[in-house]
Amino acid sequence: MKDQHGRTIDYLRISVTDRCNLRCTYCMPESGICWTPHEEILSYEEIIRIVRQAAVLGICHIKITGGEPLVREDVAGLIKELKKLPGIQTVTLTTNGILLPRYINDLAEAGIDGINISLDTLDGEAYHRITRVGHVEDVLRGIETVLAYPNISVKINSVLEETNWQHTAVALAGIAKRAPVHVRFIERMPLSVNEICKESQQQMVASVLEQAYGKMERYEKTLGYGPGVYYSFAGFCGKIGFISAVSHKFCDRCNRIRLTSEGKLRLCLQSQNGMDLKTHLRKGCTDEELLELLIEGIRQKPKEHHFQEENIQSAAMAKIGG
């Protein structure tokens, strides 16, 4: 289905839980977390029903996310059922990787197409500081576990810290040199006017990587169905990707919507505005009514995000005491 701006919407991100086995500093407080009660989370049956109707509209790529999706019981069972739905071409998973050794066999049997693993550093001390409770060795073990299944594509998603980012970027990119893994650097959202005025993070990281590994070449073939832009280095087994929502805004070709664990349909990943599908489901809406809700939601998808402008305004106000 096309939205009102002519974009084909074929990608649905589904959060199956707000819970996580880490306590990352940029994501949640160390303690005192109020988790959403289980009864307020969409059931697997409700998720499957939504995806079945979304597929009628042309949604064919599904990404399972969290929180940490593998902390919810039998996520592999959900993936197996989603793969059976007419029209669904790929189902992938985003995870912190720690639980992969326990569940990779089930995920493979369910038919998972790809796994994205969040990893911001290879330094054990830094990883433990960022996650508060995690050990980088567990993530690396998870990556190795997935590599035993060559039919499952593996990507690493990294958001670089401001300190020592050059060394970190080179070390992470080294994974793609040694193994068939695509390492992707995700641009941080700017927090100040000065930061926005700097050279783009993508350019800075690319420059550092070229100093370490030689000239990189744009990879023109498709790797997945998202906004990543990929590059090749000579001698690398995998590719290097960039997702730069600030410096290289890609709203004009955005193809995705998001379903939260509480049943809210988000039309832009950078917006809290959306449609409450759970309430309609639990009030007994028909499949035809659910389909119309999805059509209405997709038609409301905004033309572009504005978080860069909002951040500039907020930072400027802060500098003048606003």
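**A predicted chain and its sheet**

Of the 322 residues in the chain, 50% count as buried, and the model discussed here is a predicted one.

Me: How many helices and strands make up the secondary structure of the chain?
Reply: The helices and strands are runs assigned by DSSP, numbered from the N terminus. Taken over the chain, the secondary structure comes to 11 helices and 12 strands.

Me: Which strands are the edge strands of the open sheet?
Reply: The open sheet has 12 strands with mixed pairing, in the order β7-β8-β9-β6-β5-β4-β3-β2-β1-β10-β11-β12. An edge strand pairs on one side only, and this applies to the strands at residues 216-219 and 274-276, which are β7 and β12. On average, and with direction ignored, neighbouring strands of this sheet are turned against each other by 25°. The edge strands are therefore, since two strands pair if DSSP finds at least two bridges between them, β7 and β12.

Me: Which residue in β8 stands opposite Met-216?
Reply: Strand β8 covers residues 229-233 and runs antiparallel to β7, to which 4 bridges join it. Within β8, the residue that stands opposite Met-216 is Phe-233.

Me: What angle does the direction of helix α10 make with that of β12?
Reply: Helix α10, at residues 287-299, packs on the sheet and touches β10 (256-259), β11 (264-266) and β12. Between the direction of this helix and that of β12, the angle is about 165°.

Technical notes:
Residues are numbered from 1 along each chain as its sequence is written. This is a predicted model: local features need pLDDT of at least 70, side-chain atom pairs count only at pLDDT 80 or more; totals for chains, interfaces and linings use all residues. Side-chain values use heavy atoms; hydrogens and water are left out. Axes are lines fitted to C-alpha atoms, for helices over the stretch in contact, and angles run from 0 to 180 degrees between N-to-C directions. Contact means heavy atoms within 4.5 Å. Buried means under 20% relative accessible area, exposed over 50%, partly exposed in between (1.4 Å probe, protein chains only).
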